[in-house]
Every structure is written in C-alpha cells, then in structure tokens.
Amino acid sequence: YDQGDPLMAQSYMREGQEHGAFRQPGSGYTPQVGDAIVFSSDRGPGSGHVGIVTDVASDGTVTYVSGNSSDMVAARTFNVNSPPNRLLGYT
C-alpha cells in the first residue's frame with residue numbers, strides 16, 4: 001500500500017482492485033487466512049479500517065485481528081453470510 005496516501009485503509013482496497021485481488025462481500029469469495037479485510041468508516045469519505053484474517057471456520061465464521069480499535073489489538077468475528085455493514089471486502 002501507499003504510505004503517502006492519506007486514505008491508507010482504503011488504499012488496500014485500491015491496490016487489490018488494481019491487481020485483480022479485491023473481492024467484495026457477496027461475491028462468492030471465501031476469505032483466506034492472511035487476507036486484508038477492509039472496512040469503511042463513518043468519519044468521512046475514504047476513511048476506514050483494516051484487519052488481517054486469522055481464521056475461517058467451516059461454518060463460515062471469519063476471525064480477524066486489528067489494532068487501533070478502542071485503543072487495543074483485538075480479535076473479532078462475523079459470519080461470511082452476514083458480514084458487517086461497513087465491510088468493503090478482502091484483498
């Protein structure tokens with residue numbers, strides 16, 4: 001990603017799009033361990049958050065870890081069939 005980009009979180013999405021590696025929720029793609037997971041934010045256009053997928057269970061539960069969220073590094077989960085509203089996709 002481009003460290004000079006003031007919209008760094010979404011630069012992961014743009015890099016993935018430019019290299020044919022970005023997958024949107026609902027596209028049928030199953031996230032893989034190591035994928036960057038990209039979220040939008042309500043802080044304005046282009047803002048967002050990035051996590052790293054650490055596990056994908058056979059029941060569709062996706063676990064990812066991210067930092068700088070409530071001042072801590074934390075693991076979070078969701079089901080791939082019911083993704084969070086702000087999920088933009090995986091790359």
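User: How many bridges join β3 and β4, and in which sense do they pair?
Analyst: This is a predicted model, in which local features need pLDDT of at least 70, side-chain atom pairs count only at pLDDT 80 or more, and totals for chains, interfaces and linings use all residues. Residues are numbered from 1 along each chain as its sequence is written, and side-chain values use heavy atoms, leaving out hydrogens and water. Strands here are DSSP runs of E, at least two residues, and helices are runs of H or I, at least four, numbered from the N terminus; two strands pair if DSSP finds at least two bridges between them. For β3 and β4 the sense is antiparallel, and the count is seven bridges.

User: Which strands stand at the edges of the sheet?
Analyst: The sheet is open, with five strands in antiparallel pairing, ordered β4-β3-β2-β1-β5. Two of them have a single partner strand each, so one side of each is left without a neighbour in the sheet. Those edge strands are β4 (72-79) and β5.

User: What angle does the direction of α1 make with that of β1?
Analyst: α1 packs on the sheet, touching β1, β2 and β5. Axes are lines fitted to C-alpha atoms, for helices over the stretch in contact, with angles from 0 to 180 degrees between N-to-C directions. On that basis, the angle between α1 and β1 is about 120 degrees.

User: Is Thr 63 buried or exposed?
Analyst: Thr 63 is found in strand β3. Leaving aside neighbours within four places in sequence, its contacts (heavy atoms within 4.5 Å) include Ile 52, Val 53, Ala 75 and Arg 76. Buried means under 20% relative accessible area, exposed over 50% and partly exposed in between, using a 1.4 Å probe and protein chains only. Because its relative accessible area is 17%, Thr 63 is buried.

User: How is the aromatic pair of Phe 39 and Tyr 64 arranged?
Analyst: Rings of Phe, Tyr and Trp (its six-membered ring) pair if their centres lie within 6.5 Å; planes under 30 degrees apart count as stacked, over 60 as edge-to-face and the rest as tilted. Phe 39 is in strand β1 (residues 36-40) and Tyr 64 in strand β3 (residues 61-69), 25 residues apart. Both residues are buried. With 5.3 Å centre to centre and 40 degrees between the planes, the pair is tilted.
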